[in-house]
Amino acid sequence: MKISGRTFIISGGASGLGRACVQDICTAGGNAAILDMNADLGSALVKEIGPSSSSAKFFACDVVDTANIASAVAEVAAWIKHTGKPLGGIIPAAGVGRPGLILDRNLNPVSIEAIDFVLGINLRGTLDLVRQALPHLAASPPDGPDGERGVVVMVASSAAFEGQMGQVAYAASKGAVASMTLPMARDLSRFGIRVVTIAPSMFDSAMTAVMSDKVKKGLEKAMEFPIRAGKPEEFSSLVKQIIENVMLNGVVIRLDGATRMPSKL
Ligand SMILES: NC(=O)c1ccc[n+]([C@@H]2O[C@H](COP(=O)([O-])OP(=O)(O)OC[C@H]3O[C@@H](n4cnc5c(N)ncnc54)[C@H](O)[C@@H]3O)[C@@H](O)[C@H]2O)c1
């Protein structure tokens, strides 16, 4: 799938890993539809990319709200009609973490609100956006000798495999995203749509900026090489390869420098 001449929907595109995807897709000649709750960051990014042959546009969207997704997707469809650049991919990168032990030392179980918050954005929000954008992707003209229509690139985490203490809800959401990859690829193969999930370890972003130096240093002990957090551009470079390489399908790719999270830091 060529990036140039196509439009890509990126939720969470205003910050961090999603933001890097927006930048790379626009540099490669694609259009980027940024779906995010953060209008300030989203609009600033659109301004930064500026007017060019490829461009970015911000669409306010809360991925826990089905009607909200529906109107954002309809607005993206109208934009596509205007630009003539058909949908080429969906990258649901909006995500949150809210640590909480399943049972704390005072015997309080984690609140159901905390569980709903994390599952609602990371799992339900991912599925709902993909679900609602797919009819548009399946309506895109087939491209190249394989008749490819597009690709879904989901975002899991190392926590899908080695969740740490306090990550039960986050691990549940990311493990589910990883598990959805193959059945989704199977469902969509008839349309020429691929599905790939990336499972990053610790990457520099607003999500990890709030971690204390002690936690960051502790995580470094679990790293093999390189001993540092990943950079958003290393994530988006893999997204670009996934979009462009038609043989990548139905797989969860760990992007972690061989890091395996330990039980305790
Ligand atoms: N940074 C890491 O170390 C890391 C590691 C593994 C997985 N991930 C995953 O990568 C994805 C991107 O995270 P990031 O590190 O770039 O974080 P980030 O906080 O920099 O960006 C997340 C973006 O999602 C948006 N968002 C949050 N809730 C939303 C909602 N309800 N509707 C719409 N947008 C919403 C935020 O406004 C923000 O722009 C997440 O799914 C995260 O779980 C991150």
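G16, L17, R19, A20, C21, Q23 and D24 of helix α1 meet P232, E233, F235, S236, V239 and K240 of helix α9. By class, this contact has 6 nonpolar, 3 polar and 4 charged residues. The model is predicted.

Helix α1 covers residues 16-27, and helix α9 covers residues 232-244. Their axes come within 8 Å and cross at roughly 55 degrees. Angles under 35 degrees count as roughly parallel and 65 to 115 as roughly perpendicular, so α1 is oblique to α9. The crossing of α1 past α9 is right-handed.

On the α3 side, the contact uses T66, I69, A70, V73 and A77. On the α4 side, D128, L129, Q132, A133 and H136 take part. These residues divide into 6 nonpolar, 3 polar and 1 charged.

| Helix pair | Axis separation | Angle |
|---|---|---|
| α1 and α9 | within 8 Å | roughly 55 degrees |

Now the nonpolar core. The largest one has 65 residues. Which residues have the most contacts inside it? They are I10 and I34. Helix α6 (residues 168-188) gives the most to this core, with 8 residues.

Leaving out residues up to four places away in sequence, I10 touches G18, C21, V22, A32, A33, I34, L35, I91 and A93. One of these partners, C21, is also among the α1 residues that meet α9.

Technical notes:
Residues are numbered from 1 along each chain as its sequence is written. This is a predicted model: local features need pLDDT of at least 70, side-chain atom pairs count only at pLDDT 80 or more; totals for chains, interfaces and linings use all residues. Axes are lines fitted to C-alpha atoms, for helices over the stretch in contact, and angles run from 0 to 180 degrees between N-to-C directions. Helices (H or I, at least four residues) and strands (E, at least two) are DSSP runs, numbered from the N terminus. Angles under 35 degrees count as roughly parallel, over 145 as roughly antiparallel, 65 to 115 as roughly perpendicular and the rest as oblique. A crossing is left-handed if the near helix is turned anticlockwise from the far one by less than a right angle, and right-handed if clockwise. Two residues are in contact if their C-beta atoms, placed from the backbone, lie within 7 Å. Ala, Val, Leu, Ile, Met, Phe, Trp, Tyr, Cys and Pro count as nonpolar, Asp, Glu, Lys and Arg as charged, and the others, Gly among them, as polar. A nonpolar core is a set of buried Ala, Val, Leu, Ile, Met, Phe, Trp, Tyr and Cys residues joined through C-beta atoms within 7 Å. A residue is buried if 20 or more other C-beta atoms lie within 10 Å of its own, exposed if 12 or fewer, and partly exposed in between; C-beta atoms are placed from the backbone.
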